[in-house]
Amino acid sequence: MRKLKIIEHISLDGIIQTSGGPDGDFPYGDWTAPYRSPAGLQVVNEMYGKTCDVLCARRTYDLLASVWPKIPKSEMGDRLNAATKYVVTHRPESLQWGPSEAIAADLVESVRRIKAKNGPDLVVMGSGSLISMLLDNGLADEVVLLVNPIALGKGKRFFEGGSLPRGFALGTSRALPSGILVNVYKLIPTLAEEALSRAKLEREFEIAREVQERLFPQTFPSVAGVDMAAYCRPAQAVGGDYYNLIDIRTGSLPDAGHSCTRLGVAIGDISGKGMSAALLMASLHASLRGQVLSGTGDLGAKMANVNRLLFDASGSNRYATFFYAELDCASRMLHYVNGGHNPPALLRKEDGAWRVFRLADGGPVIGLLAGAVYKEQILPLLPGDILLAFTDGISEAMNAAGDEWGEDRMIAEAETHADLNAEKSLQHLFRAADDFAAGATQHDDMTIVVLRL
C-alpha cells in the first residue's frame, strides 16, 4: 500500500496557504513567497520524492493546471505534469491536464482504493476541507507542515483547535535558513510500527552478536609450556575481526588436562564493518576449520584453499587480511603464512635486549584473487618468546586529535610488561590503547592474540 502524504504551508497561527492570489477568496495572495529559498525548494523536492501522484480538490486542480503545463522545464514541473492527478470533482469531462482521474462519489472508499493500488506515494495539496476529511477518516499517513515565520490573524485554518488530530505525533523538525520550520508528523500507528521494527532489528543484531561470539573459542587448548590469551572487542554490535586457537589433533576443544600436539593460531580482519563483515567472518571461520581439521600438510596449500573458498563466498572487492600459523607443540617450530595481515611481532630477549621479528611473508590478502599463491614460512620458538598478533583496530587506536597509537608504542608496552602472564598482558594492552584514545570513539574492531613460551 502506498502512503498518502499531506504537504502544506501554514503561518504561525495555523492559516493555510492558498494559491488564489489577490482576486481569489484569500486576500493575502502568495504570502509564503518572501520566505522561499533554494534550500527550502530542495527540501520540498525531497519531500515529494522522485515520483508521486497527486490528490486534490477541483479548485486546486484548476489552479495547478493553469500554471504547471506552461512554465519552463523544472524538476517540480516535470514531476507534477507526469503525476496522475486524482481530482475530487463532479465535472470529469473537463479534466484537460492529464493524466487524471475524477473522484465524484464515495470519497473515503475511493481514496482507500487508490492507496491500495501499486504506484508512487500520493501527495495532497490545497483544500482544507479535503484534508480534514482525510485526517478524520485516518487516510493520511504523514503530514508535513512548512511553518512560515508570520502570523496572519485571519484566513482559512489548517485544523481546528490549533493542532493535528490526536492520532498524529511529531516525528522530526528542522529549521531552514529562511526561517521556515519543517515539521513532519506521522500517524502514531506508523511510529509504533517503526519502533517495533527498530526493536526487531536490534534483537536480530543481538542474536547475530551472540552467534558471532560463539565462533570465537570459548576455552583455549592446553599446550604444555605455552600461556595464551585472546580477545576481540568489536566497534559495533557485530564485527569483522576474527581469531581462533585450534587444537588440531582432535579438531575440538580439549578435555581438562589434555595437551594438543599441534596448535593452530589464526587472526584476520574482514574488509568493511557491520553485518556484511560479520557474515564474511563466519564464512572464513568455516573455511579455515574445514582446511585445518582435514589433516596436516603445507600451510601454503591450506591458505590457497581458504582463499578460494572465501573468493567464491564473497562479492567483488570483499577480502580479508589473514595470518595463520601452526605451532608444533613438541619441536616448538612455528609454521606460518601471512595473507596481507599486519605482521605479528615475535618478541625475543637476547643479551638483555629485546629483538623483534615481524612475521610478514606468505602472500596477498585472501578472498580477492582466486588463484593467489601462498608460501609457508618456518620460525623456531624459544623459551621466553612472546608472540603478539593483532588487528589494526588496536594499533591504529586514535585520540580526539586524530593521532594513532601505533605499532611501535604497542610493542614497547608489551616489552615493558613482559613479566605479565598472557591474559594480564592482553588486558594491559587494551587499557594502554584506551588511555591513548582518551575517550575518543572506537572506530574499528580491536583484536589481540598473545602467546608466551
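1. Asp53 is buried, at a relative accessible area of 8%; buried here means under 20%, exposed means over 50%, and partly exposed falls in between, using a 1.4 Å probe and protein chains only. Its salt-bridge partner is Arg2, with the closest N and O atoms 2.8 Å apart. The pair ties together distant parts of the chain: Arg2 sits in the segment before β1 (4-11), Asp53 in strand β2 (residues 53-57), and 51 residues separate them. Arg2 counts as buried too, with 4% relative accessibility. A salt bridge is a side-chain nitrogen of Lys or Arg within 4 Å of a carboxyl oxygen of Asp or Glu, and helices (H or I, at least four residues) and strands (E, at least two) are DSSP runs, numbered from the N terminus.

2. Before going further, some housekeeping. This is a predicted model, where local features need pLDDT of at least 70 and side-chain atom pairs count only at pLDDT 80 or more, while totals for chains, interfaces and linings use all residues. Residues are numbered from 1 along each chain as its sequence is written, and side-chain values use heavy atoms, with hydrogens and water left out.

3. How many salt bridges are there by this rule? The count comes to 22. In helix α4 (residues 107-116), Arg112 and Glu109 are three residues apart, about one turn of the helix, and their side chains meet at 2.8 Å, N to O. Arg112 is partly exposed at 37% relative accessible area, and Glu109 is partly exposed at 41%.

4. Helix α6 (residues 188-215) holds Arg209 and Glu206, three residues apart, about one turn of the helix. Their salt bridge has its closest N and O atoms 2.3 Å apart. Arg209 is partly exposed, with a relative accessible area of 25%, and Glu206 is partly exposed as well, with 28%. Elsewhere, salt bridges that share partners join Arg262, Lys302, Glu326 and Asp328 into one network.

5. Lys302 turns up again in the helix packing: it is one of the α8 residues that meet α7, on whose side the list includes Leu280, Leu284 and Leu288. Contact means heavy atoms within 4.5 Å. Helix α7 (residues 274-292) and helix α8 (residues 299-313) pack at an angle of about 145 degrees, with their axes 9 Å apart. Axes are lines fitted to C-alpha atoms, for helices over the stretch in contact, and angles run from 0 to 180 degrees between N-to-C directions.

6. Now the open sheet: five strands in the order β9-β19-β18-β14-β15, with antiparallel pairing. Two strands pair if DSSP finds at least two bridges between them. The twist averages 15 degrees from one strand to the next.

7. Inside that sheet, β18 (residues 386-390) and β19 (residues 446-452) run antiparallel and are joined by five bridges. Ile386 has Arg452 in β19 as its bridge partner. Helix α10 (residues 407-416) packs on the sheet, touching β14 (345-350), β15 and β18, and its direction makes about 135 degrees with that of β15. Helix α11 (residues 422-437) also packs on the sheet, where it touches β9, β18 and β19; its direction makes about 35 degrees with that of β9.

8. Strand β13 (residues 333-339) is worth a look. Six of its seven residues are buried, so β13 is largely enclosed by the rest of the structure. Strand β12 (residues 320-328) runs antiparallel to β13, with six bridges joining them, and Tyr324 has Val337 as its bridge partner in β13. Their hairpin has four residues between the strands, and Arg332 takes a positive phi near 60 degrees there.

9. With strand β17 (residues 377-380) the pairing is antiparallel over four bridges, and His335 has Ile378 as its bridge partner in β17. With strand β16 (residues 362-363) the pairing is parallel over two bridges; there the bridge partner of Gly339 is Gly363.

10. Is Glu142 buried or exposed? Buried, with a relative accessible area of 13%. Leaving out residues up to four places away in sequence, Glu142 touches Leu4, Lys5, Ile6, Phe168, Val184, Tyr185 and Lys186.
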